[in-house]
Amino acid sequence: VIRLAKEGGKGYYVAVRSTLFHPKSGGQPSDTGYLVGDGFRLQVRKAIRFGKTVVLWGRSEQSPKLGEAAEILDWERRYLYMRRHAAAHLFDAALDNIRGGSCEPTDSWLGDDTYVGYRGDPPDESELERIKRFLEECVGKDLDVRSWTARREEVNERRELWRAVLKELEFVRLVQIDGFSPVPCGGTHVRSLREVGGVTVKKVERTESGFRFYYDVSAGAIAGDSSTDQS
Ligand SMILES: [Zn+2]
């Protein structure tokens with residue numbers, strides 16, 4: 001804990017030097033959990049990014065203190081987001097595969113009423129069937145999902161990444177499902193598609209700029225590689 005501010009009542013804002021909590025960004029909701037230190041236990045409701053710092057907001061009976069503290073992540077919630085996030089990238093791959101080009105994602109939300117949005121025309125019935133079959137085949141294949149930090153040069157060499165990456169960034173985090181194109185992403189994902197379980201497309205909705213797939217992952221996925229390493 002490097003700085004803190006009382007909000008009034010039992011509310012506190014706590015700036016931390018490093019954190020497990022993923023702030024709300026890139027369509028991924030904020031993590032929740034606890035920050036436990038010398039004589040206090042802050043119930044973390046939100047992680048908020050301020051530039052390069054993350055500030056935790058929550059409630060505590062006793063005032064938090066500067067110095068070392070332990071973070072306890074609401075793992076069930078985070079793991080659901082990781083499974084939904086990996087599935088979101090599968091929709092990119094499905095569209096690329098079926099339409100033979102690079103799809104243009106617009107927005108996504110991994111909280112409740114999960115969706116992923118794209119530019120262009122919504123899929124017709126036969127395309128949708130092929131997309132569903134593609135998703136099913138992929139999650140059955142146990143494909144690896146990996147991420148790494150790439151230098152600008154690596155991004156410059158890959159034409160498919162040009163559009164999506166801000167020009168001023170020197171480093172870019174890339175995420176790749178085994179066998180598909182890497183995409184820039186700062187979110188958290190499972191290590192293997194096996195952990196996603198099933199993917200259900202609930203509806204396809206037309207939007208101003210294109211369309212959205214509303215979907216969810218099936219409950220009760222097998223805890224896989226990711227649950228042994230929560231970083
Ligand atoms: Zn991602």
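Tryptophan 75 counts as buried because its relative accessibility is 18%, where buried means under 20% relative accessible area, exposed over 50% and partly exposed in between (1.4 Å probe, protein chains only). Tyrosine 79 is likewise buried, with a relative accessible area of 10%. This is a predicted model, in which local features need pLDDT of at least 70 and side-chain atom pairs count only at pLDDT 80 or more, while totals for chains, interfaces and linings use all residues. Residues are numbered from 1 along each chain as its sequence is written, and side-chain values use heavy atoms, with hydrogens and water left out.

**Aromatic pairs**

- A search of the whole structure finds eight aromatic pairs; rings of Phe, Tyr and Trp (its six-membered ring) pair if their centres lie within 6.5 Å, and planes under 30 degrees apart count as stacked, over 60 as edge-to-face and the rest as tilted.
- The ring centres of tryptophan 75 and tyrosine 79 are 5.3 Å apart and the planes lie at 25°, so this pair is stacked.
- Tryptophan 75 and tyrosine 79 are separated by about one helical turn because they are four residues apart in helix 1 (residues 75–99); helices (H or I, at least four residues) and strands (E, at least two) are DSSP runs, numbered from the N terminus.
- With ring centres 5.8 Å apart and planes at 35°, tyrosine 118 and phenylalanine 211 form a pair that is therefore tilted.
- That pair links distant parts of the chain, since tyrosine 118 belongs to strand 8 (residues 115–119) and phenylalanine 211 to strand 13 (residues 210–217), 93 residues apart.
- Both tyrosine 118 and phenylalanine 211 are buried.
- Phe91, Tyr118, Phe211, Phe213 and Tyr215 are linked into a cluster by ring pairs.

**Charges over rings**

- Arginine 212 sits over the face of tyrosine 115, at 3.8 Å from the ring centre; the criterion is NZ of Lys or CZ of Arg within 6 Å of the ring centre and within 35 degrees of the ring normal.
- Lysine 203 lies over the face of tyrosine 214, at 4.8 Å from the ring centre.

**Threonine 149**

- Threonine 149 is part of strand 9 (residues 145–151) and counts as exposed, at 56% relative accessibility.
- Leaving aside residues up to four places away in sequence, threonine 149 touches Phe171, Val172 and Arg173, contact meaning heavy atoms within 4.5 Å.

- Six strands form an open sheet in the order 1-2-5-4-3-6, with antiparallel pairing; two strands pair if DSSP finds at least two bridges between them.
- Strand 1 (3–8) and strand 6 (69–73) are the edge strands, each pairing on one side only.
- Strand 3 (residues 33–37) and strand 4 (residues 40–50) run antiparallel and are joined by five bridges.
- Valine 36 has arginine 41 in strand 4 as its bridge partner.
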